[in-house]
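Hi,

Here is the structure I promised to pass on. Have a look at it first, and then read my notes below.

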Amino acid sequence: MESSAPSPSREVVLSRIRAALSPQKDALPSAEASWLEIPRGYVSSGDLPATAILELLTDRLRDYDVQVLHAGRSGVTHAVAKLLTARRADTMLIPAGFPQILLPEGFTYILDEELLPTLLDGCSGIITTCTLAIAETGTIVLQNAPGQGRRAASLVPDYHLCIIEAEQVVATVPEGIRALLPTAKLPTTFISGPSATADIEMTRIKGVHGPRFLDVILIA
Amino acid sequence: MRVSLFITCYNDTLFPNTGKAVVRVLERLGHSVDFPKGQTCCGQMHYNTGYQTEAMPLLERFVEQFRQSEVVVVPSSSCVAMMRDHYPLMATQIARKNGRTELVREVEALLPRIYEFSEFLTQKLGLEDVGAYFPHRVTYHASCHGLRNLQLGDGPKQLLQNVRGIDLVPLIGLEQCCGFGGTFAIKNADVSSAMLAEKLDGVLNTQAEVCTACDNSCLMHIQGALHRQQTGVRTLHLAEILASDEAGMQ
Amino acid sequence: MSRHALDPRTAATFPIAAHALLGDSQLRSNVRHATDVIQNKRGMVVDEMPDWQELRESGKRLREHTMQHLDFYLEQFERNCIAAGGVVHWARDAEEARTIVVKLAKAANASEVIKIKSMTTEEIFLNPALSAAGIVPFETDLAELIIQLGGDQPSHIVVPALHKNRQQIRDLFMREMNLPELGHTPEALADAARLYLRHKFLTVPTAVSGANFLIAETGGVCVVESEGNGRMCLTLPETLITIAGIDKVIPRFQDLEVLLQLLPRSATGERMNPYNSIWTGVYPGDGPKNFHVVLLDNARTEILADTEGRQTLHCIRCGACQNACPVYRQTGGHAYGSVYAGPIGAILTPQLQQMHHAQSLPYASSLCGACYEVCPVKINIPEVLIHLRNKVVVQNGPITPEALAMRTMASIFRSERRFRAAQRLGRIAELPLVRKDARGVGWISWLPGPLGGWTQVRDLQAMPNQTFRDWFENRATPEGGGDGV
């Protein structure tokens, strides 16, 4: 790792910036103070009741062709089995820290211990929990944390089964971002439906490089 | 009310009927119209083409001509947009150059008294019906400056809807630029023509006899193609339709 | 279309480029279709937001604030990125950026690199530099893949291959990917791209990316994408080199709550794009072991110094202005001779060239304002266009034919006497060109020289015999009326 020794280019660019800003800059308050002055009149938190938030998330996910199953805590294992059977998924990747008690018998599980990409490719799919979900946009947020896995693991396999708890669902994007502030430096992925492109005649085509199949179990 | 008319350089020269119509409408509504005779141009063409320095004296002239006016009416939304959007900054720049700081205050005081013609009727006078009669099929094109800079909204359409005998048909893509854009029509004649072709398509699809708008700049451009293509469709400024009544038809 | 056609230093002027492209009816049809679709989608997801205008205002103020403290935030980003294991490089211009990236790729022993779409890498002509150094760059965005295989150029910020339809893409894939057969649906084409690229993702150890946002507070980087190729390039390789303009920095992580609402809705008409990746430096066991950020100036500091042009740097590269622009709609992006096309291209490109090139671009606009209406961060593009036109005029000096004509007209407008005289003179001068139509109205169908652009497709009504002021001054005093005469 290189140290931040001042390089000529660095000094040149920074001095250009200072020169560009200088006539007005001395009169300005500090960056910290000015940042607080930025008006934020947009909606930051929703006023929907919890059940409506879950319904909204479900709706948005289904809009993306994500399959959503609702289950009570005791019904999760059964729901997992149902989905894995429907997907004909025999070998599922499990991230470190995943609550294995939720896993039904009759399927093969591999713990992700930094498998090489080509081995990841050989799995049918991966099961993860999540950090949070944003209802308004149908977004699931994964971070490198127990049960969620490293980024490659939820990327390479073609199928992703995500288990979301009701308490993890927020209504709006600002609520989601603010909830991530404590862990903002972790590797983070926002997933809003399976991968897609609209590059061919503006037709939204699902499933290019990320997992083409996404299922969600929502524990209410 | 005593209304001062700023006819604009191109209306004065090419579309005097629009000015006559504005006078007719205002007098019919019981107002009197005066015409500061030294008026020429607001400076938009120069300013928008990059000749800001040349536009400065035109601002000064305009302020001098209309300083005493109770209210100024302009049958051209692009000219009013020029004044609202750029005159304040221009005045500051002129003031900085020759110390005429009172110019900034004068512009500030004058601007709220300046109205585009249709907004004078709907917003200042609060009218939607000005007693017009025009029994023809008409479609309305929303000039960009009127639509976006002046936020005229539905005002012009409301005025048209209340014209007796009118058959007002909506124009698909009415908010899309016609392609005039001032010197753009010359410097980028090809693209201007392509944009015009789409606009013409929309106009012809309405089967209207007349295409109207708040700006003769757009209409000159649209009419140019309507005439070249022998479509038999004509253009008329909104004022001319509103001026039309049983006593004097357009 | 040559690989270097989109170089503002050598591209044809806009009127000339546009003239050629207007003749391509397939292109125009594709562009119209694509921009209509995105505009409609954008309209729907914006209409459902009751706080859209508040978001735009926050976006604008946020970007303004960032530029006002740009040095502070760049230094903060650098500190935090390095603390998290990243390496930060600074590049004064395109050439230096290319040199740094090639050096880093060589240090990683790369014979090839996988790339995520980045307008910044196109701006600095990175790919030819890599190739020249014996490193093969592989574009992995579907659109960029289409562009690369076709030896073509991007024509839109967000949907670079918008100018191609499915048939053209199918032909291209079959030829370049050696496919004996291939389906006709967009799905089949996307599948072909998926298989073609998957092998690369799983095996190539060096990647090059751009960045949507650099987060000063955390030292994190955010990449916004749809296909998953971004995630592939950002997580599987050992070495990642990210190039970002210095205008990409944002103050705090929380600011993503504004930008991640404005960007997807404006760019592709979605509530949220499929994938956003945020990473901070190097994280053991997750992602590349070597992470480099190259901060690029390349005349951005010049733009920063121009208080009226500075708002150009607020751009978050959504492309909404292109979709709304009635000029872009007719010509597509290539007419602008730059990777940045449409309204934002018309103001960014000349300024990045420090006004030495692309001087026709500020005039490639009718100033209709549709771009300003849709810009998520309220960049007043028409205002900047006019400002740049002034710069071009000043640069061209006072003795061009246009400048002389403009000064003459200004002189006429400064005097009532001269104005009336000019009106009379005009009526006389145009006489030879006037023909009366069946209703006795005079029309001109041909104008000489540059004015001939008007009469290409339009007639011009002849000047009426009497100006308005003549009529007003000569009429009888009106009866009744308002406050007396």
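Predicted model: local features only at pLDDT ≥ 70, side-chain atom pairs only at ≥ 80, totals over all residues.

Residues are numbered from 1 along each chain as its sequence is written, chains are lettered from A and ligands numbered from 1 in the order in which they are written, and side-chain values use heavy atoms, with hydrogens and water left out.

**Who touches whom**

Two pairs of chains touch, and chains A and C have the most contacts (contact means heavy atoms within 4.5 Å). Chains A and B do not touch: their nearest C-alpha atoms are 17 Å apart.

**Chains C and A**

Here 96 residues of chain C are in contact with 82 residues of chain A. Together the two chains bury about 8000 Å², with 60% of that on carbon and sulfur atoms (buried area is the accessible area, with a 1.4 Å probe, that two parts lose on being put together, summed over both). There are 12 salt bridges across this interface, counted when a side-chain nitrogen of Lys or Arg is within 4 Å of a carboxyl oxygen of Asp or Glu. One to look up is between the side chains of A:R18 and C:D71, at 3.1 Å from N to O. Helices are DSSP runs (H or I, at least four residues), as are strands (E, at least two), numbered from the N terminus.

**Chains B and C**

In this pair, 68 residues of chain B are in contact with 70 residues of chain C. The buried area is about 6000 Å², and carbon and sulfur atoms give 59% of it. Seven salt bridges are counted between these chains, including B:E198 with C:R329 at 3.0 Å, N to O.

A search of the whole structure finds eight cavities of 30 Å³ or more. On a 1 Å grid over the protein atoms alone, a cavity is a set of points where a 1.4 Å probe fits but cannot get out, and a pocket is an open set with protein on both sides within 12 Å along at least five of seven lines; lining residues have an atom within 4 Å of a point. Points are joined across faces, edges and corners, and a volume is the space filled by probe spheres set on them.

The second largest cavity has a volume of about 120 Å³. Among its 18 lining residues, C:C325, C:P343, C:S365, C:C371 and C:L385 are the closest to its centre.

The second largest pocket holds about 1300 Å³ of space. It has 48 lining residues, and B:N17, C:R439, C:V441, C:W443 and C:Q461 lie nearest its centre. The largest share of that lining, seven residues, comes from α2(B).

Cheers
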